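Here's a quick briefing to read with the model on screen.

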Amino acid sequence: MVTGRAAVFLDRDGTLTRPRHYPSRPEHLALADHVGPWLRVLQAQGVALVVVTNQSGLARGYFGATDLDAMHQGLRGQLAAWRVRLDGIYACPHHVDGSVAHLAVRCGCRKPAPGILLRAAGELRLDPARSWMVGDAASDVAAGHRAGCRTALVGPPAPGDTESAVRPDLRTEATWEALRHIAERLGDAGHTRW
Ligand SMILES: [Mg+2]
Ligand SMILES: [Zn+2]
């Protein structure tokens, strides 16, 4: 029987990259401090690394799919400097208040819905029960729990986000600290074939 790999699902803005209001160009994305080395450790443990991000800027017409691709190429380039390769980047382009008609819909993939995590788990053969969702918002924690993952909430609490409301399994100030904890807890659990 083939079992899925353990994964770390990473929110992008404010978690993998520094907070910024609606980034739309590659140079707007800067890796958060010290995440490269810890992602490298997790990757070496056999853990899949998957970005799951709400990008309502697409529905709002702030940028297009080509811009998003360029941003993510840039992000992959920054991570390559640490010899880190993402297993996938999954983005929800929707928002009910959007101005781009076909994206202005209620969907099952915008966090706190678990849709993009579950889709990634299916496509990449991941095991949510052995996986973690790391994010800086209550919606990340909720999406992670709904997908059956453990969760880490990072950074200073955002307005409206209270720990008591979302109950993450882990709470750290910086993303790299959460990644270190997860690497320690998973150990070699991420390995499935070597
Ligand atoms: Mg975020
Ligand atoms: Zn969506």
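What follows covers the salt bridges, an aromatic pair and a helix.

This is a predicted model, where local features need pLDDT of at least 70, side-chain atom pairs count only at pLDDT 80 or more, and totals for chains, interfaces and linings use all residues. Residues are numbered from 1 along each chain as its sequence is written, chains are lettered from A and ligands numbered from 1 in the order in which they are written, and side-chain values use heavy atoms, with hydrogens and water left out.

**Salt bridges**

- You'll find 9 salt bridges in the structure; the term means a side-chain nitrogen of Lys or Arg within 4 Å of a carboxyl oxygen of Asp or Glu.
- One of them joins Glu27 to Arg25, with 2.7 Å between the closest N and O atoms.
- Glu27 is exposed at 51% relative accessible area, while Arg25 is partly exposed at 45%. (Buried means under 20% relative accessible area, exposed over 50%, and partly exposed in between, using a 1.4 Å probe and protein chains only.)
- Arg119 pairs up with Glu123, and here the closest N and O atoms are 3.3 Å apart.
- These two sit 4 residues apart in helix α4 (residues 115-124), so about one helical turn separates Arg119 and Glu123. (Helices are DSSP runs of H or I with at least four residues, strands are runs of E with at least two, and both are numbered from the N terminus.)
- Arg119 is partly exposed, at 46% relative accessibility.
- Arg130 bridges to Asp127, with the closest N and O atoms 3.4 Å apart. Both ends are partly exposed: Arg130 at 23% and Asp127 at 21%.
- There's also a salt-bridge network linking Arg5, Arg85 and Asp87.

**Aromatic pair**

- The structure has 1 aromatic pair.
- It's Tyr22 with Tyr62, sitting edge-to-face at 4.8 Å centre to centre, with 85° between the planes. (Rings of Phe, Tyr and Trp, the last by its six-membered ring, pair if their centres lie within 6.5 Å; planes under 30 degrees apart are stacked, over 60 edge-to-face, and the rest tilted.)
- The pair links distant parts of the chain, 40 residues apart: Tyr22 is in the loop between β1 (7-10) and α1 (35-44), and Tyr62 in the loop between α2 (56-59) and α3 (65-80).
- Tyr22 is partly exposed at 31% relative accessible area, and Tyr62 is partly exposed at 47%.

**Helix α5**

- Which residues of helix α5 (residues 138-146) are buried? They're Ala138, Asp140, Val141, Ala143 and Gly144.
- Just after α5, Gly148 has a positive phi of about 90°.
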